[in-house]
Amino acid sequence: MRALRRLIQGRILLLTICAAGIGGTFQFGYNLSVINAPTSYIQAFTNETWQARTGEPLPDHLVLLMWSLIVSLYPLGGLFGALLAGPLAITLGRKKSLLVNNIFVVSAAILFGFSRKAGSFEMIMLGRLLVGVNAGVSMNIQPMYLGESAPKELRGAVAMSSAIFTALGIVMGQVVGLRELLGGPQAWPLLLASSLVPGALQLASLPLLPESPRYLLIDCGDTEACLAALRQLRGSGDLAGELEELEEERAACQGCRARRPWELFQHRALRRQVTSLVVLGSAMELCGNDSVYAYASSVFRKAGVPEAKIQYAIIGTGSCELLTAVVSCVVIERVGRRVLLIGGYSLMTCWGSIFTVALCLQSSFPWTLYLAMACIFAFILSFGIGPAGVTGILATELFDQMARPAACMVCGALMWIMLFLVGLGFPFIMEALSHYLYVPFLGVCVCGAIYTGLFLPETKGKTFQEISEELHRLNFPRRAQGPTWRSLEVIQSTEL
């Protein structure tokens with residue numbers, strides 16, 4: 001009977017992970033990749049719409065500009081969503097914020113679905129902006145929600161599920177975008193609007209699951225609701241130890257107000273946390289993984305892969321990231337965060353170097369194109385081992401309850417800005433450096449590995465309070481002991 005009860009409670013935690021992920025980071029990966037398949041059809045639609053309005057077709061460079069706007073509005077919306085995530089998480093809570101976030105998906109799906117019938121490419125642009133806002137909110141709140149809901153011995157694995165759902169979204173976007181499914185010339189509005197399906201699944205399932213116990217106790221001060229959430233997630237076993245830990249963290253935050261994003265940079269007690277967040281968050285976006293996806297098609301084409309089969313090879317690249325995200329989720333609580341990050345960046349440096357050499361030698365040794373193709377898969381596998389998932393949980397683990405929403409805002413805004421800059425600058429880097437285009441990215445990978453080895457503390461198996469105390473000692477090395485940082489103001493903890 002006890003074993004059955006534990007199995008049921010384990011299933012509730014698993015259902016919480018799935019319900020949060022399917023409408024959360026899954027949407028980020030899905031909308032990131034699903035736009036690739038209908039590129040030529042949307043460009044043709046834009047040109048036809050303009051010609052129907054003005055009687056003249058758009059010049060090629062303006063068609064390309066319109067397409068660039070459609071693509072770049074996604075990270076712009078993500079930036080807005082990241083800035084919105086903190087206030088939402090504090091005022092509505094973690095679970096309600098994820099539910100309310102689906103308003104943007106529903107609105108975008110309506111715009112996408114009726115864009116061709118209305119003859120409006122502006123509806124596509126607005127829809128891309130809205131799904132970007134949705135992705136920006138979910139990328140920040142989902143890891144926070146799951147990290148606060150999981151027991152400490154599973155916190156890393158549960159938080160890593162965000163990376164699994166991102167990779168799963170990328171693969172599903174690639175699969176649904178196949179010409180045999182919704183990637184044809186007539187079905188592209190349905191392809192773009194298909195993001196409504198995971199949103200509907202989240203709306204149907206997440207309301208049945210509990211809110212973050214930490215939010216209920218520390219932010220809302222509702223002990224009974226916290227206990228009810230813990231019982232639903234852990235079962236009716238002994239919760240005294242975990243409740244005591246939560247009370248200690250609540251006492252440490254007593255009298256403090258929620259930090260504003262700019263205040264994170266002003267407090268010495270948060271110096272190492274903010275530096276780690278900025279350095280490793282930037283490294284994840286500047287390491288060149290997204291550029292590998294952009295360069296994959298041309299390498300596959302030069303390697304002799306038939307044009308009709310390239311789309312299937314690209315699905316293989318997304319599947320590699322999904323595979324390693326699952327493996328990392330399984331091993332993270334055994335090997336720790338630091339090992340995965342250092343190993344991931346080191347392997348990426350290795351494969352990126354071989355990739356560069358292979359591209360330089362392709363004219364003399366044609367077989368090196370196959371080596372370059374293998375390096376693409378190996379590079380993506382290495383990225384999925386560590387940086388793809390571990391970086392996303394830093395804001396949850398390194399910051400306490402009062403600073404966590406602001407940290408997620410900073411991390412999310414940084415990620416989307418870097419994503420926008422890399423997408424904007426990569427074509428120029430590729431044209432200027434040719435076969436050496438990966439040299440700047442290799443430097444970033446080396447820096448990420450070195451910083452992790454020297455400055456990032458291990459958080460495996462530690463409570464949030466233990467992590468906070470260790471970081472306090474690192475930020476104030478001359479003090480043997482000292483209280484955690486506190487504000488002089490006594491303000492409600494739910495105020496941002």
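This is a predicted model: local features need pLDDT of at least 70, side-chain atom pairs count only at pLDDT 80 or more; totals for chains, interfaces and linings use all residues.
Let me begin with Glu247 and Arg250, whose side chains meet in a salt bridge at 3.7 Å, N to O, where a salt bridge is a side-chain nitrogen of Lys or Arg within 4 Å of a carboxyl oxygen of Asp or Glu. Because they are three residues apart in helix H13, residues 240–253, the two are separated by about one helical turn; helices here are DSSP runs of H or I with at least four residues, strands are runs of E with at least two, and both are numbered from the N terminus.

Residues are numbered from 1 along each chain as its sequence is written, and side-chain values use heavy atoms, with hydrogens and water left out.

The structure holds ten salt bridges, and one of them joins Arg53 and Glu122 at 2.8 Å, N to O. Arg53 lies in helix H3, residues 39–54, and Glu122 in helix H7, residues 121–149, so this pair ties together parts that are 69 residues apart in sequence.

Glu148 and Arg404 also meet in a salt bridge, at 2.9 Å, N to O, and this pair links helix H7 with helix H21, residues 404–433, across 256 residues. Both Glu148 and Arg404 are buried, where buried means under 20% relative accessible area, exposed over 50%, and partly exposed in between, with a 1.4 Å probe and protein chains only.
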